[in-house]
Structures are given as structure tokens and as C-alpha cells.
Amino acid sequence: MSAVLHVLLPGRDKIGGVAPFADWLARGTTLPAAVPGYLVALAEHFRWPHGPLPAAALIRQSVAGDAGGALWLSADPAWVQPELNGARLLACGNLGLSVEDSKSLVGALAETFEAEGMNLLVGDAQHWQLRLPSYVEVPSFPEPEEALGADLFEQLPKGEEGRRWRALINEAQVVLHNHPVNRTRAAQGLPPVNSVWLWGPGALPDWVECGLSRIYSDDLLAWALAHRANVDVQSRTMFAASSHAGAAPTGAAPVGAASAAKGARGNPAIAAEAAPTYSLLDLQDIQPTIFERDWWPAIEAHLTAGTEIRLAFADGVRMVLRKRHRLRFWRKA
């Protein structure tokens, strides 16, 4: 059986114009479309008992090992830009915080959440989690990729059900506004951490299954899912190294992910072995120039060696590329 490589990518409007890649896309086979979104594409490779993906509990277990049977909610550090008629969410997680800065910010917010019976904890520097009382009913919160760039207040839960959570976020913004960490960041030309974004509620699932034998990703949630499913997970730089396509691109596993790996998972020596039969490469945040320079040559090397490439674009398009598709010379980009 030939190897299969699944690749998670940004929307085609972002990278579809990369010339050598576009030539292959024109010759590939389009599959039935899926719901747009990175988390949708990632979740296609995993199964768990029921319900929406409990991202907070999975991440908490991966980085701290103490998720237990508690109810968890991600409360990631966020940057909100005030506007004339509201505010806009511009960043969520991955704001370049140090562990010390994260602990300082979370310490300042602790009383706000403890007043509601909630415990705010640092997972890793870029991702925080709320441990909730079991009786709390959590409304639906949009995932970060859906909320980014949108009007903040349009994304928050409405009505009486959402009143408590809107108030919590407002109080958190007041606490963070003049925090010393943000004064330092402003002096350094960095965006403020002036809010939190709540998403991914749930308890740790009893099990997670996955049909992949290896995952290459720098996303902490992908690592957390891999850990729970007991699947080998590597930083994506290891994919380039294993492809023998030249020097590996810069980058590293997410903070907390490598330290959470146990046994064979996250062991760089594994990446030097023969390519696994079913693997996934997560490039959901890649920039076009970096994709063209570093990643497409590595992927194409696998393609021309006979690996089937299955593409999942963030806009919901699904495609498959096979070596024999190069013979479809009449199809032009």
C-alpha cells in the first residue's frame, strides 16, 4: 500500500497562486468539499466519544497532565482593538508571552474568575485554561479562527445566558488594561494582551482515536490530540528533514508540546526513519513565500516518489494529488 500524506493548508486564495503548486492543482482530483475551517480539517482525522472537540481539556492534559474529570474552558490571552462602534479581535494565543509574563497576567486575573468559582491557570505561556465548577452551563463560543478579525461583541454569547460571560470578559479587560506587562509591551512596540478569548469547553474524553501514524505540527492542539490518541507527533521542521529536500525551515514545536511528549512521541530520532504510511503535515498558518521556498519542494519530493498527497484547504476544498496526475498535461493552471 502506498503512503498517504495529508496536508492542512490555508485557503486557496492565499497559496493557490504559487506557480509550481498551481500546476499540480490543475492536474489533481477535486474531492467533495467540507465545512471551512482549520479545526474542522484537523478533527477529520480523530474520533472521540461525543460532542464538540474539548480543546481546553485536551491541551490541559497534554501540557500539565491534570485535566482529570473536570470541566475546562480555554481562556487564551488575546489582543482586542477598540473601534468607534465596538471592538475587534485581532489575535488570540501565540502573542509571544514569556512564562513569567503569563503568570503575572493570570495572577492579576485570578480574583475576577475566582469570584465566579472558576480557577484560571497557565497551560503554556500562550494558552490559558479555566477550570470550571461542574454545574456551570457553558454557552457556545466561536473558535479563534472564526472570531479573529470579527466584531468582538457580535461573537460573544447573547441574551441572559451570555450575560455572565460578557461581564467576565469585560472585567478581565479592565484588569489587563493598565497591567505592567502591557506597559512593557507597549514600550517594545508589541500589541497588548488586553482580553481573553473563551472557547473549546468540555471534559477530557475517555479516549481519542486516530488513523494516522505520525503528525507534523507546531500547533499545540494538534499535539494534544496526538498525545491523547497515542500517535507519534513531531514539529513540522522534522518533515522537511525527513524529506531530504535540503535544509529544514526554521521553527520549533509549540512551547509546552515538546515537554508534554512521552516515550517515542516527540523523539527526533523517529523522524529519521522511513516515512510512515499515513501521516499529516499541518501548514495551516504558512505564508505563501515560505510555502513556495521550503514546503512545496519537500511535499513534491514525496509526491514524485509515489506518496499520495491529500490536501485540505481552510476554505473547505479537498483535493488529492498522485504521481500519475503529471500526465494530465492538457490541464493548465
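Q: What makes Asp218 and Arg236 a salt bridge?
A: Their closest N and O atoms are 3.3 Å apart. A salt bridge needs a side-chain nitrogen of Lys or Arg within 4 Å of a carboxyl oxygen of Asp or Glu, so the pair qualifies. Bear in mind that this is a predicted model, where local features need pLDDT of at least 70 and side-chain atom pairs count only at pLDDT 80 or more, while totals for chains, interfaces and linings use all residues. Residues are numbered from 1 along each chain as its sequence is written, and side-chain values use heavy atoms, with hydrogens and water left out.

Q: Which parts does the pair of Asp218 and Arg236 tie together?
A: Asp218 sits in the loop between E10 and H10, and Arg236 in the loop between E11 and helix H11 (237-243), so the link joins parts 18 residues apart in sequence. Helices (H or I, at least four residues) and strands (E, at least two) are DSSP runs, numbered from the N terminus.

Q: Why is Arg236 called buried?
A: Its relative accessible area is 11%. Buried means under 20%, exposed over 50%, and partly exposed in between (1.4 Å probe, protein chains only), so Arg236 is buried. Asp218, at 22%, is partly exposed.

Q: Where does Asp285 lie, and what does Asp285 touch?
A: Asp285 is in the loop between E12 and H13. Leaving aside residues up to four places away in sequence, Asp285 touches Lys14 and Arg236, where contact means heavy atoms within 4.5 Å. At 41% relative accessible area, Asp285 is partly exposed.

Q: What makes the Asp285 and Arg236 side chains a polar contact?
A: They come to 2.8 Å. The label asks for a pair of N or O atoms within 3.5 Å; within protein, one must be able to donate a hydrogen and the other to accept it, and residues adjacent in sequence count only if both atoms are side-chain atoms.

Q: What is the strand order of the open sheet of 7 strands?
A: The order is E2-E14-E13-E1-E12-E10-E11, with mixed pairing. E2 (29-31) and E11 (232-234) each have a single partner strand, so one side of each lacks a neighbour in the sheet and they stand at the edges.

Q: How do you know that E2 and E14 pair?
A: DSSP must find at least two bridges between two strands for them to pair, and 3 bridges join E2 to E14 (residues 318-321), so they count as paired. They run antiparallel, and Leu31 has Arg318 as its bridge partner in E14.
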